Amino acid sequence: MAAAKRMRFSLGESSKSQNGSNSKGNSSKSGKVHNVDSLLDICAKIVGENIPFQTIEQRFDRIPEPVQSRIVFWSFPRNERDICMYSSFTQVGKENADSDKLPFNQGVKLLESGAVDNVLQIGFHLSGRVTEPASPLFSQPERVFQVSISFDRCKITSVKCGCGNKDIFWCQHVVALSLYRIRKADSVQLRVPISETLLQMNRDQLQKFAQYLISEHHTDVLPTAQNIADEILQAKSQINMLDGAPDPTAGASVDEENSWHLDEDQVREQVRAYLSQGNYLTSANHLNAMFAKVREMLQAKDSNGARMLRLITEQFLADPRLVVWRAQGTQMNDKCRQLWDELGALWVCVVLNPNSGCLDKEQWQQLLESWSANHVCPLEDADSRSIITTHLGADNLGATLSQQQSRARTIFHRALEASKLTWKDRHLQLILNYDIDIDTADRESDLFDCRGVPLWHEHLPTACARVDALRSHGYSQEGLRLAVIIVQTLKHQQKLNLEKHRIEMEGLPSTSRGSGTSFLVQTNMEPWVGHPLDPISVLFDTLLEASKVEESPHGMDPLSSRLFFNENGSSCLPVRYNHRPVPGHCELTESYLTLALEIALIGLGQQRNMPTGLYAQEKTCKQEQKLLSKLQALDLDPTLVDVLCQQCCHMLEGGPTCGLGMGIHTESYPMHTFAKYLFNSLLTHDEDLAYRVGLRALRLPVLENTEEIDDGINNMGSMVLSRFPRWFILEHVEGQQCELACTLLNAAKERLHATISDSSSRLTTVLEASQQHIHSSSQLFKLAQDSFKIATPPDNPKHLPALNAAYKLGLQVMRMTLMTMNWRRRDMVRWLVTCATEVGVHALMSIMQTWYSLFQPIEATGMVATTIMTPATMIQLNLTFPQQEELAKCARTLALQCASKDPQNCALCALTLCEKDAVAFETAYQIVVDSASHIMNSSHLFTIARYMEHRHYRHRAYKLSLLAMKNLHLAYNQDSHPAINDIHWACALSHSLGRVELGNMIPLLVKNVQCAMVLSDILRRCTLSAPGLANTDGKRRTVKLLSYDKQPLRQLMEATICAFVNTTHSKLTHISPRHYGDFIDFLSKARDTFLLAHDGHMQFTQLIDSLKLVYKGKKKLMSLIKERFGL
């Protein structure tokens, strides 16, 4: 609340309510009549808005009360937008689900429902009562709030409401009272400041006034009243040393800053709360809304914009996470970094305020320098690798930057440098005002082009920061003029670069002109797209806004007006743009819209190096995509298409300065996403130019021409390895490259009004370019799949050129991934077989004949040849019998070659494929036999042996099982080995073939198997039936079971008993009491086997006796043995 400590003198007249005439006029029965403001009201408006009332009192000894009343009347704010700005984050005009919850909208509802009453204005103080209606839904009764507002010079300087609102912005009750005063000013009781009323009273009246006031509020003011009375009675007290007395209704004093009420404590508290929530999306949205509010205040030329930004910055620097991140050496998360970038850009905008004085700039510089000196202040380089130091407006700063180069640049350094820039340049003033006379001689300098249009040769981000600052501080027209001149300057520079490149190319030999990349070319080290100040978007938005068509409901019928416009007058129609000519320019085709398109194309087509660090690279991608989405929203009319074609030609012929030119730097940022937009936009207008752009942009220099690298120090491999890690978004880049190639292929197939030969030529060109420039097998595979889908529509015939293109891409993918690890390799192989099947039998023959350059042996047999020889494939191909035989012969040849190279993995498939050809089958079988001893393990041999038995080649299966047994070893404790089933099968096969075959198998079994349980099971199974029952050789055999006491089972019996003895001692070496039960069960099974021998009981008794002697310390175990076996 403002307190003006000054003496005010009365006019001797009683205070009256001054409702008088105002600019709104009055109405009569005959209609509405608008009155012209009186001279008093005109003067009172100007005084009330610009001059402190204290200044008026000091200037004039006597001010008539009517004059005072009109000054007080016009000192209250008159624009509802100001009230809205301080009562809501979101712009009220926007339609969204939460718009009704905004304090401004709630205040409007309260006002319209008649909730405001008892409104009284005394001087510069407004008070009133706002009644909040009852809410039965939430069981809330009707509530009444007292609201008081102080104001001065059309700004509300303090507010107070009984609701106890704790927020940055005003509550709905303050809004309701303020809007009441604006909309119903004539119905508000108006009094002059209270000090004027007091001056009209005599002593008795003053005493009665004081006593009644104390009596009315004695519980609140009695102690204060007594203290003031005591001080007044003391002659030398402080209160008696000052003239006059404070009056809260007399307005602010001259020395007080005149600004809107902003609760600084609440700003700090809410920013602190949002930051404490971490990187949650909601908190980031709230902070971005606060940044938007700062820009809104700056545009309204409100000093609270910079004030609020200072409070936000202080809380950002007080964020405790900064200390943690610095101590741990980690980078802040992306959400935080984006907020810091916006904070730095806002400070650049603030310090470039054209109306700021030297004192303001000095204060800002001191603040920025102190913040930059803070050890936790984030650096300008988000990835903490400041390789290249680029200064904002370096040409304007001189030698002062040399001291800063030795320090790490913080997020505030751009704002510091911008604070040293001025607006006093004569040429800049010419651009902004268009009203300064320039001599003809001056127009011939490099500050003007050949048409006499002024140019502005300033560092582009700096110049665009000026445009942003002008727009943000309410100078839209000046910002638009400067934006136009900046674009004209860039176009002028583009023409100079084109001419320079043309001259350079004429001086080069013809063999050097086609070089697509160069390792010596220097590019713009500070890119425009991805820059923290986003200069291209600033220019584009400025020019596009000037081209916007303002929709109005006037002239529409009532139904259309309700359909296409909201209640607040905002349009529901899509934004439309038209061509508005640029004043002072002679080119008829040039408009704000064409300039917007040109600057977007120039900025996106700028050749620039890939920035260092993950955050900077991702930010560049996001800015590029955001700008492209804005371009895609434009409807390209013939004028814009001409501009687009012209710029594309310039970019293709622009040389190293353009990302689509020849001779670009190896690490130049790729143009894939940009070129996709250009291609789609140009295709229906200039097809040849569209393909020139698309094919040129397919390149990815960082992965190409690596053989040309020779730095004289490091070898080629180390150079490549040192470069790739910097491209953190390489996978994304390769994905965009693939999308561009797929777009080109699809367009080549879907060409309208083109012959098949022309379409095939386009496809061939695109295919060759894709194979040359795409170096990622995954992306090339994706492109091949997309091409295959294009070539084989479900309801239309196949497109053979596109199908052949997909097939060739698939072959290249196979070659690229043949010797590398790729988790999608199996899918790639299966897809190639499918694609080759669609192409035809010649493609299948080709991949089988050249399998060694495309597949691993196991892939060639297990997936390729096996799939090709399935009946489904034969039916699909609709082959004749000779063709089937030829294809089968090719598959058998492949199978034998693969089996010879990798018999372990390919032998079984080879045998399967060669089943119908006896010679080939025998050859495959011999390969298996020859490889059994040194290559193949027992598992593979057993599998092939079982296959042989299944095919009724029992003797061959027996031979392979013998070879498998030679390669097998089973220890005593491997009673759950996966080969046990194979061992049982092999012994059963031998037993079924005869006594001789079993006799050959048992020695191998005894030698390689030490597991007692396995041997015991086999021993019992061999006596269940007579050997040789399954033999089909026609010889007569006696049906007689084998004896345990005779060969070949005697050897197996002895080996089994020995295995039980060894296993028993092994188990007892590390046995624990909890395993005693299992051990007793094991001994029971051993005894059953021992008893099969004629002296088995004696051998088992000897085993138990030896256990009692050796393990006599295990008394509990020995007692269990005695209890079970009685020994």
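This is a predicted model: local features need pLDDT of at least 70, side-chain atom pairs count only at pLDDT 80 or more; totals for chains, interfaces and linings use all residues.
The secondary structure of the chain amounts to 50 helices and 11 strands. Of its 1127 residues, 48% count as buried. Among contacts between residues at least 6 apart in sequence, 73% join residues that are at least 24 apart.

Five strands form an open sheet in the order β7-β6-β5-β4-β8, and their pairing is mixed. Strands of a sheet pair through backbone hydrogen bonds, in either a parallel or an antiparallel arrangement. Strand β5 (residues 125-132) pairs with β6 in the antiparallel sense over eight bridges, and within this pairing Arg-129 has Gln-146 of β6 as its bridge partner. Strand β6 (residues 143-152) is also joined to strand β7 (residues 155-161), again antiparallel, by six bridges. Here Val-147 stands opposite Cys-161 in β7. The hairpin of β6 and β7 has two residues between the strands, and Arg-153 takes a positive phi near 55° in this hairpin. Helix α3 (residues 65-74) lies across β4 (116-122), β6 and β8, and runs at about 120° to β8.

Helix α19 (residues 426-433) contributes His-427, Leu-428, Leu-430, Ile-431 and Leu-432 as its buried residues. These buried residues pack against α21 (460-472) and α22 (476-506). The N-terminal end of α19 is capped by Asp-425, a side-chain oxygen of which lies 3.0 Å from the backbone nitrogen of His-427.

Two packed helices are described by the angle between their axes and the distance between the axes. On the α39 side, the contact is made by Arg-892, Leu-896, Ala-899 and Ser-900, and on the α41 side by Ala-920, Thr-923, Ala-924 and Ile-927. By class, the contact comprises five nonpolar, two polar and one charged residues.

Two residues were examined individually. Gln-299 is found in helix α12 (residues 281-299) and is partly exposed, with a relative accessible area of 46%. Although Gln-299 and His-473 are 174 residues apart in sequence, their C-alpha atoms are 4.2 Å apart in space. When residues up to four places away in sequence are not counted, Gln-299 touches Arg-471, Ser-472, His-473 and Gly-474.

Thr-1064 lies in helix α47 (residues 1049-1069). In contrast to the partly exposed Gln-299, Thr-1064 is buried, with a relative accessible area of 0%. Leaving aside neighbours within four places in sequence, Thr-1064 is in contact with Phe-1079, Phe-1082, Leu-1083, Leu-1103 and Leu-1107.

Definitions and conventions:
Residues are numbered from 1 along each chain as its sequence is written. Side-chain values use heavy atoms; hydrogens and water are left out. Two strands pair if DSSP finds at least two bridges between them. Helices (H or I, at least four residues) and strands (E, at least two) are DSSP runs, numbered from the N terminus. Buried means under 20% relative accessible area, exposed over 50%, partly exposed in between (1.4 Å probe, protein chains only). Contact means heavy atoms within 4.5 Å. A polar contact is a pair of N or O atoms within 3.5 Å; within protein, one must be able to donate a hydrogen and the other to accept it, and residues adjacent in sequence count only if both atoms are side-chain atoms. Ala, Val, Leu, Ile, Met, Phe, Trp, Tyr, Cys and Pro count as nonpolar, Asp, Glu, Lys and Arg as charged, and the others, Gly among them, as polar. Axes are lines fitted to C-alpha atoms, for helices over the stretch in contact, and angles run from 0 to 180 degrees between N-to-C directions.
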